[in-house]
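My entries follow the structure.

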Amino acid sequence: MTERTLAIIKPDAVAKGVAGQILSRIEQGGFTLLAAKLIHLSHEQAAGFYIVHRERPFYGSLCSFMTTGPCLALVLEGDDVIRRWRDLMGATDPAKAAPGTIRRDFASSIESNAVHGSDSAESAAFEVSYFFAALEICPR
Ligand code: ATP
Ligand code: MG
C-alpha cells in the first residue's frame with residue numbers, strides 16, 4: 001500500500017556534513033521524495049514534535065539535542081514506506097544497528113542517532129502535518 005512517512009536528518013548528521021550521503025541512500029533505496037525543508041527547531045517546537053515521549057527520562061535532553069542546529073525534514077512516499085524507512089535507519093541505538101543501516105554508519109549515540117522516521121500511519125499523519133503545509137508537498 002502506498003503511504004507517506006516523515007523522515008528527519010537530525011542536527012548531528014547535518015552538522016557532520018553527511019546529509020547528502022543520507023539523501024543518496026534514500027534515493028538509491030527507491031523512496032520518492034515529496035518535500036524537503038532545512039529548519040532549526042526551537043525548544044518548544046521540538047517538545048511538541050516529541051510530545052509522545054514527554055514522560056521518558058530522556059525527553060528534555062532529546063528536545064535540547066534537536067535544537068542544536070538545523071535538521072532536514074523530508075516527506076517520503078512509497079509502498080510500505082514507514083517500515084522500509086525504519087529498516088534503512090536501523091535500531092535506535094547505533095551499537096545495536098545492523099551493518100549497512102544509516103544509524104550504524106552515521107549515528108554517534110543513542111540520542112544523536114542521525115535520523116528519525118515515523119513509527120505508524122497515525123504518527124506519520126501527525127508528523128508530516130507538523131512540519132509541512134499541504135502546498136509544500138509535491139504529489140507524484
Ligand atoms: P525516532 O523516533 O527518532 O525515529 P526511534 O523510533 O528509533 O527514533 P524512540 O524510542 O521513538 O526511537 O526515541 C526517539 C528518540 O529519542 C531516539 O531516536 C533518540 O534520539 C532518543 N532516545 C531514545 N532512547 C534514548 C535513550 N535511552 N537515551 C537518550 N536518547 C534516547
Ligand atoms: Mg520513534
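I looked up Glu77 and found it buried at 14% relative accessibility, where buried means under 20% relative accessible area, exposed over 50% and partly exposed in between (1.4 Å probe, protein chains only). The model is predicted, so I kept in mind that local features need pLDDT of at least 70 and side-chain atom pairs pLDDT 80 or more, while totals for chains, interfaces and linings use all residues. Residues are numbered from 1 along each chain as its sequence is written, and side-chain values use heavy atoms, with hydrogens and water left out.

I then noted that Glu77 meets Arg4 in a salt bridge (3.0 Å, N to O), a term for a side-chain nitrogen of Lys or Arg within 4 Å of a carboxyl oxygen of Asp or Glu. Because Arg4 lies in strand S1 and Glu77 in strand S3, the pair ties together parts that are 73 residues apart in sequence; strands (E, at least two residues) and helices (H or I, at least four) are DSSP runs numbered from the N terminus. Arg4 itself is partly exposed at 33%.

I also recorded the bridge between Asp105 and Arg25, at 2.8 Å from N to O. Asp105 belongs to helix H6 and Arg25 to helix H2, so this pair ties together parts that are 80 residues apart in sequence.

For Glu136 I found a salt bridge with Lys37, with the closest N and O atoms 3.2 Å apart. Glu136 sits in the segment after H7 and Lys37 in strand S2, 99 residues apart. I logged a network as well, in which salt bridges that share partners join Asp80, Arg83 and Asp87.

Notes:
Chains lettered and ligands numbered in written order.
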